[in-house]
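Please look over the sequence and the structure shown here, and then follow the sections below.

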Amino acid sequence: ERAKEEIKRNISRREERFLNIVRSQIFERPESPYRRLLRVAGCEFVDLEARVKRCGIEDTLTQLAREGVYLSSDEFKGKKEVIRGRHAFRVTPGCFENRNAAGGYRTQSSGTTNQPIRSFVSLDLLAIRTPVSCLSFAAHDLFSCAHAMYDAILPGSAGINNLMIYARMGVSAERWFARTIPIKSKLERIYHSSTTRLLVHAARYCGAKFPKPEYVRDDRVDEVVHWVRAQHAERMGCCITTAASNAARIARTASRLGVSLEGTKFIVTGEPLTDVKREIIESAGARAIPRYAYG
């Protein structure tokens, strides 16, 4: 109920919050790429404010996109020059960081199909995401489940982000099956490992039951299957948060071991849930709950 009320409050103040962000993060930052695009479109803050109050956010953004105030994926990643009329420039993801963010930590995308992108995850952003996650848990009856995470430590973002959100909701994940990701620099590896440990200890100090990462190789996900079997033996439903392809890997391993995943739910993130992956997961008796976004 608290989550519902918080979402209602945020929606009621949506236009005000949007304009505050635009003012501080775009119009008060001359180097902002969006400031340059708005200038090309001949739109100052007073124009934007009047348009939002008259037409709403969606219609305003739609019209601005028609006027060239947008960035394609390749433009955002710096792979392609931004060209609008006679104006041309290049940006990088670092140009869009929130300079006013409070506490947080650095993460990095996997770089599966592109160059890895480094980001700063604000604790404020995780707090904003928590009420939505809370309603999702309620809708899929996940509060009654035993929870585990199967994802990488830092600089991977999904594992620690989701565990922080779950802890804020009062959901105690029992296990963190941590995937290893290749990092060439020994110094970087030490930094990210130390930061992960620090976050875990800080969460525990604040009273959250926060799991320590247990490293599991991709070819040893039978350890995850054994945890599921143990939960079922205690008549507990369980939920594992992981990437869609990893959920399919766990399901294939369970089928090979002859273990039914009936009563198991996967929150699948990080990539689209294809029909093939869903079929593999469901053939093992589990259910997939996709949570995939691109921004």
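## The chain as a whole

How many helices and how many strands are there in the protein chain? The chain, which is shown here as a predicted model, has 12 helices and 10 strands. Along its principal axes, the C-alpha trace spans about 65 × 45 × 40 Å.

Of the 295 residues in the protein chain, 39% are buried, and the accessible surface comes to about 16,700 Å², with carbon and sulfur atoms contributing 52% of that area. Among the contacts with a separation of 6 or more, 62% are between residues 24 or more positions apart.

Although E5 and L135 are 130 residues apart along the chain, their C-alpha atoms are separated by 11 Å.

R17 is found in helix α2, which runs over residues 14-27, and with a relative accessible area of 27% R17 is also partly exposed. When neighbours within four places in sequence are left aside, R17 is in contact with N10 and I128. S133, by comparison, sits in helix α7, made up of residues 123-139. Is S133 buried or exposed? Its relative accessibility is 9%, so S133 counts as buried; not counting residues up to four places away in sequence, S133 touches I165 and M169.

## Backbone features in the loops

Most residues other than glycine have a negative phi, and most peptide bonds are trans. Against that background, D141 has a positive phi of about 55 degrees although it is not a glycine. D141 lies in the loop between α7 and β5, and its relative accessibility of 48% is the reason why D141 counts as partly exposed. R235, which is likewise not a glycine, has a positive phi of about 60 degrees. The loop that holds R235 lies between α10 (222-233) and β8 (238-243), and R235 counts as exposed because its relative accessibility is 80%.

A further feature concerns a peptide bond: the one from L154 to P155 is cis, with omega near 15 degrees. P155 is placed in the loop between β5 (146-150) and α8 (158-169).

T269 is part of strand β9, which covers residues 264-269, and it counts as buried because its relative accessibility is 7%. Leaving aside neighbours within four places in sequence, the contacts of T269 are T241, T242, A243, A244 and R291.

Two packed helices are described by the angle between their axes and the distance between the axes. Helix α11 (residues 244-257) and helix α12 (residues 275-283) pack at an angle of about 35 degrees, and their axes are 8 Å apart. The crossing of α11 and α12 is left-handed.

Key
Residues numbered from 1 in each chain as written. Predicted model: local features only at pLDDT ≥ 70, side-chain atom pairs only at ≥ 80, totals over all residues. Heavy atoms only, no water. Helix = DSSP H or I, 4+ residues; strand = E, 2+ residues; numbered from the N terminus. Buried < 20%, exposed > 50% of the residue type's maximum accessible area, 1.4 Å probe, protein only. Contact = heavy atoms within 4.5 Å. Areas by Shrake-Rupley, 256 points an atom, 1.4 Å probe, with all protein chains shown as cover. Axes fitted to C-alpha atoms, helices over the stretch in contact; angles between N-to-C directions. Left-handed = near helix turned anticlockwise from the far one by under 90°.
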